[in-house]
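Please open the model in your viewer and keep the selection panel at hand. The tour below goes from one selection to the next.

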Amino acid sequence: MLKVIGVNTIDDLFADIQPHQKPKSFDLPNGLSEFEVIEKIKRIAEKNTTNLISFLGGGYYDHYVPAAVTALISRGEFSTAYTPYQPECSQGTLQALYEYQSAICTLTEMDVANASLYDGGTALYEAIMMAIRITRRKKIVMDGGVSPIYRKIIHSYTNNLNIEFKETPVVHGQSDRDQINNLLDKDTAAIILQNPNFFGTIDDHSDIIQKAHEQGILVIESVYPVSLGIVKTPGEMGVDIVTGEGQSLGLPLNFGGPYLGFMSTRKKYIRKMPGRIVGKTIDSSGKSCFVNTLQAREQHIRREKATSNICTNVSLCAVQSLIYMSLLGKQGFVNLSQLNLDKAEFMRKTLETIEGVEVKRSSPTFNEFTVRLAKEASVVINAMIEKGFAAGFPLGRYYKGMENYMIVAVTEKRTKEEILKYAECLKEILSQ
Amino acid sequence: MKLIFEKSVEGRQGFGIPQSDVGPQEGIPEKYKREKPACFPEASELDIVRHFTDLAHKNFSIDTHFYPLGSCTMKYNPKFADVVTQIPGFANLHPLLPQLTKGETLSQGAIEVLYETEQWLCEMTGMDHFTMQPLAGAHGELTGVMMMAAYHKAKGNQKTHIIVPDSSHGTNPATAAIAGYNIVAVPSDENGVMNMEELAKRITDETAGLMLTCPNTHGIFNSNIDKIAKMIHAVDGIMYYDGANLNAILGRCRPGDIGFDVIHINVHKTFATPHGGGGPGAGPVGVTKKLEPYLPISRVVKHENGQFGLDYDYPHSIGYVAPFYGNFGIILRAYAYMLMLGQEGLKQTSNHAVLNANYIKERLKEHYALAYDHICMHESVFSASLQAQRGVHAIDIAKFLIDKNIHPPTIYFPLTVKEAIMIEPTETESKETLDEFIETMIEADSLSKTDPDSFHNCPQSTPINRPDEVKAAKEMNTNYFAS
């Protein structure tokens, strides 16, 4: 090969790199065999605690992932394919993404969805930018029930962009209508809501949305997809842009990623939507097929005028969630949602009987709820870890003054026995 | 092929939901309930397995096909990394666990992986610190440019624009614009690198920085890089290294040593994590000491007692760019890949990537116009201009290759070359595969002379022929339920 190229050594190929540009150091360990790497990483994994019974949620949930999801997604034809820029040899990925978009649309009851964004937080940021593009206004009203993690992400991204943010508090677990209404004006681009919110409570935002629309203001709602088996959809309420974290749709927790940001909206806003979109069309022989469409919004065509800089998204995670939604199916998804709700309700009732626990009951909840403890939540959670439970997430971590509160999530994986044992341990800790 | 929704049979279900062990409970009030269930498919597990297996068969992939896709580094993704990510100690780890009091002690293994990967990447690139948070390459770019902006803000600099070469990836100008900067483009010179005179004219006190791939998208390493860095630094600008082409220079050159201040890495390129049909990727960002205060939080730290932790107390930080600690599952794969290759393996990666690219370039240059006749790095750019005169364009050659079971190279990019065909074979392909590709490309050239019309029916062997993209954009059928 070197002879064909016309050089003597491999080093000759790197002649453009000048001697003084060579690495000052490249001091790395020697390579290992496959067996050694796996053993080494297994030993590192053992340093993680994995035997805790988890009631941790906060937007990321410990749902069961059916075996068929993992098996199908591991197929090299899906996992090792490139972005489907060549539709003739990418119909598998393209059709799956079209089906995914359709599934997200029926789940949220919206008209159109994109083919994924990185995660729920960055999807919400993209939705805000989209609303600003649509309305040409720069004020955002943010409900205090929106995940504090998402709010931190949004703050980082918009810090330099002269966007005015107004935050409204949560009252009795729900959005504060009066405060929101007071802030709405002709400079307001969008209201940002979350359902169920970070405290776990469910709301019907229809009234807020109606008021917003009267002033040409868009409403963006971040949702937890599993709740939509039962809970009123953003489409029914009249939301303009829906986003959410799709981790609960068949993706493992994976210590924070890869996850799945989804987005759906009204048909009239499709050209303002960021990310890839797959469309159905026909080929030269009239056969129906799928392509990436409306690409003139994207960075590889539009460069600095693109709707977003997003390129690689999370296609495989989108397909993974599609397989999950397909396996559960129409009734199965409702049943799963109901089971989550029932288990959480059972747990609420159980915890209410314990002295030193006040379960917040002012608004309905789905599978996560807020409790107030007689002691500092982080101290109680710490003691519960010793008993084998990840008992919940302390709200004091993100909300000043809520040091005695925690949120507790219950998925279909938790059993009655585990819940009763949890209650017993909590009772013991609180009585000490 | 039918959609999964069209295969639905009422009452069928692919997965059994467990019986409730808590009995019926009080539900939520009617006003909070959805009216109709989502129209998910009603299908058995076997129906679903067959459906998605059929779909899989309609894809090209690295496991099945050669992808000489310029600037995308479609190398083989070793299978052992799949095993690593499924180790329960990682896959089931909740990301909020370390945010509980003393929670870091419950996730020491995962934090160690992040820490170790940072150390490897620092040594490999000559950077002082890394963050694993960015969720893809373009996300890394945004993180890098946000740090750039924070740096200028802290120093009181009035900066308005970022310079990019005309051969840059589309994400560079898109990122700079989203971060609030204007874009100034610099043309390439006759050698395929940035025109130095034109660059000098564009550098002003308002220059926030320069974003550069090195080697660039023409596959050429710019020997003037130190001079460029001096010019940018002279106005207190930041040198941004787009790591899309890092696969060319492992062990040969480190961005940190030649004047770059910030770098992002596409781990789905250089470190062999699967592309997934368009993600998930990961885009770690490295910085020199100058930008260290602005790194996103949380940051991974190693305490004196050897314990690992996550630290949030950095007042100048740009803040959260991702919900947690990056795409951990992807970073873990990249870490495993680096452990396997080690120092020597990483050097050999670039050696072979560059050797393979030059071999193709030399063998094809008699048949296709070479954009720049120069020793290339990991990729080279041809033009189908000769073939286009015969009515056969880059897109036609691409479709011809599909019929020959080869994924087409990148075409019509970089925008600086007309009828561009950008070829990056990567190090993982054998000489036999390269030769087969070369012969096929030569065959395409010959056919363009004898039967140019035959190209317009390609591809014939795929599940579909050429799609009507105009119809797709016009009708916007993107949702089965609204179609």
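In which crossing, left-handed or right-handed, does H13(A) pass H15(A)? The crossing is right-handed, a crossing being left-handed if the near helix is turned anticlockwise from the far one by less than a right angle, and right-handed if clockwise.

This is a predicted model, in which local features need pLDDT of at least 70 and side-chain atom pairs count only at pLDDT 80 or more, while totals for chains, interfaces and linings use all residues. Residues are numbered from 1 along each chain as its sequence is written, and chains are lettered from A and ligands numbered from 1 in the order in which they are written.

Select residues 315-352 of chain A for helix H13 and residues 416-431 of chain A for helix H15 (helices are DSSP runs of H or I, at least four residues, and strands of E, at least two, numbered from the N terminus). The two helices pack at an angle of about 25°, with their axes 10 Å apart (axes are lines fitted to C-alpha atoms, for helices over the stretch in contact, and angles run from 0 to 180 degrees between N-to-C directions). H13(A) is therefore roughly parallel to H15(A), a term for angles under 35 degrees.

Next, show the side chains of A:Phe346, A:Met347, A:Thr350 and A:Leu351 on H13(A), which meet A:Ile419, A:Leu420 and A:Ala423 of H15(A) (contact requires C-beta atoms, placed from the backbone, within 7 Å).

Finally, colour domain 1 (53-64 + 330-431) and domain 2 (67-324) of chain A, whose bounds come from an automatic or database domain assignment. Their centres, taken over C-alpha atoms, are separated by 28 Å, and the contact takes 23 residues from domain 1 and 22 residues from domain 2. On the side of domain 1 that touches domain 2, H13(A) gives the largest share, 7 residues.

Note on methods. Angles under 35 degrees count as roughly parallel, over 145 as roughly antiparallel, 65 to 115 as roughly perpendicular and the rest as oblique. Two residues are in contact if their C-beta atoms, placed from the backbone, lie within 7 Å.
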